[in-house]
Amino acid sequence: MTDLDLARFPRLPLLGLPTPIEPLAGLTRELGAALNGVQILVKRDDLAGFGGGGNKLRKLEFLLGAARDSGADTVITVGALQSNHARLTAAAAARNGLKCELFLTRSVPREEAAYTGNGNRFLDDLFGAQVHELPGEADSFAAAEARADALRGEGRTVYTFPSGGSSPVGCLGYAACAAEIMAQVEAKGLDLAQIVVPNGSAGTHAGLVAGLKALGRDPKLAKSYAVLAEEEAAKAEVLAKANATLDLLQPGTRVEADDILVDGHPRGPGYGIPTDAMRAAVRLMARSEGMLLDPVYSGKAFGGLLRDVAAGLYPQGSTVLFVMTGGSPGLFAYPDAFSDAAG
Ligand SMILES: *Cc1c(COP(=O)(O)O)cnc(C)c1O
């Protein structure tokens, strides 16, 4: 079975689906024996028609579908200053005639002008969002809810969604992606050992887990590398969000803690703080494939995958699918991380 009954949920098409699955010929040539006979394929969720693209568009298809059905004229969301989710919410709102407000926290200890004004933060303004910047420790969602109440008092209809768009409704986007991947894999006759994603707000991994489970597949086919929370906390978050998503998708079906594979190693010292493995992964993909990973999520996750492949985690001849989640605007917030002085 590769079908989920998703037509029940309001959805606003934002991506050209299905996104392609591609081999990495240049990277395979470059790494040679270091790949231990493992084939890495990429799912191109970084390709998109507008806004700079990325995984948040899959969640926004369902979030904005729900917003539209509620009659919303305004959407409000939250994130870190360089949030890809905030940027894509602003772009998708602009495209659909909705007003957009963003509550962004200064939670990453970077003061460079590139970080505070370029990359995603620059694009938020360009897409016409109203941005509220908050200190790192602020409760941005509470601030967003307070603002939503104030706007409702003025007669507006407001739809708010959490960090990363990872509400159960948002997670449906990656449940849909699980079905999409399984259909592609079946058509290509592939036997996947693993589907690998970065994990920030846990919704991408949780959606895949919920989708796989609802399809009658093993949820452990999906694995994430956590870049925000500690490993155990990230795992608990995936579990909770996967079950909340299953409550929508297939009530009565549940996953257990043993179904959730999360590796917290690649995060390094903290969210948004560059690591050597991230730099190496971003450079490798750029120089062998001409493709862009991002410094906060996919660069760290791909670095984690390369480490595990080199360590022999997957048997020779196996195939691993890495989901390219986008985020390339984030590179323009981190030019110093890739200078020669940075290593
Ligand atoms: C948000 C994001 C992720 C992580 O997705 P979550 O659903 O928040 O775990 C991965 N990659 C990029 C580029 C992102 O912007």
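1. The structure holds zero disulfides. Cys-171 is in no disulfide, and the nearest cysteine sulfur, in Cys-177, is 12 Å away. That is too far for a bond, because a disulfide needs two cysteine sulfur atoms within 2.5 Å. Keep in mind that this is a predicted model.

2. Are these two cysteines buried or exposed? Cys-171 is buried, with a relative accessible area of 1%. Cys-177 is buried as well, at 0%. The cut-off for buried is under 20%.

3. Now look at Lys-56. The UniProt record, an unreviewed entry, places the feature "modified residue: N6-(pyridoxal phosphate)lysine" here. Lys-56 sits in helix α2, which covers residues 56–69. Its relative accessibility is 9%, so Lys-56 counts as buried.

4. What does Lys-56 touch, leaving aside residues up to four places away in sequence? The list is Asn-84, His-85, Leu-88 and Gly-164.

5. A polar side-chain atom of Ser-201 lies 2.5 Å from a ligand oxygen. Gly-200 uses a backbone N or O atom, 2.7 Å from a ligand oxygen. Asn-84 has a side-chain N or O atom 2.8 Å from a ligand oxygen. Asn-84 is also among the residues that Lys-56 touches.

6. How much of the ligand does the protein bury? Taken alone, the ligand exposes 380 Å². The protein buries 98% of that.

Notes
Residues numbered from 1 in each chain as written. Predicted model: local features only at pLDDT ≥ 70, side-chain atom pairs only at ≥ 80, totals over all residues. Heavy atoms only, no water. UniProt positions renumbered as here; feature names shortened; annotations may be inferred. Helix = DSSP H or I, 4+ residues; strand = E, 2+ residues; numbered from the N terminus. Buried < 20%, exposed > 50% of the residue type's maximum accessible area, 1.4 Å probe, protein only. Contact = heavy atoms within 4.5 Å. Polar contact = N/O pair within 3.5 Å; in protein donor to acceptor, adjacent residues only side chain to side chain. Areas by Shrake-Rupley, 256 points an atom, 1.4 Å probe, with all protein chains shown as cover.
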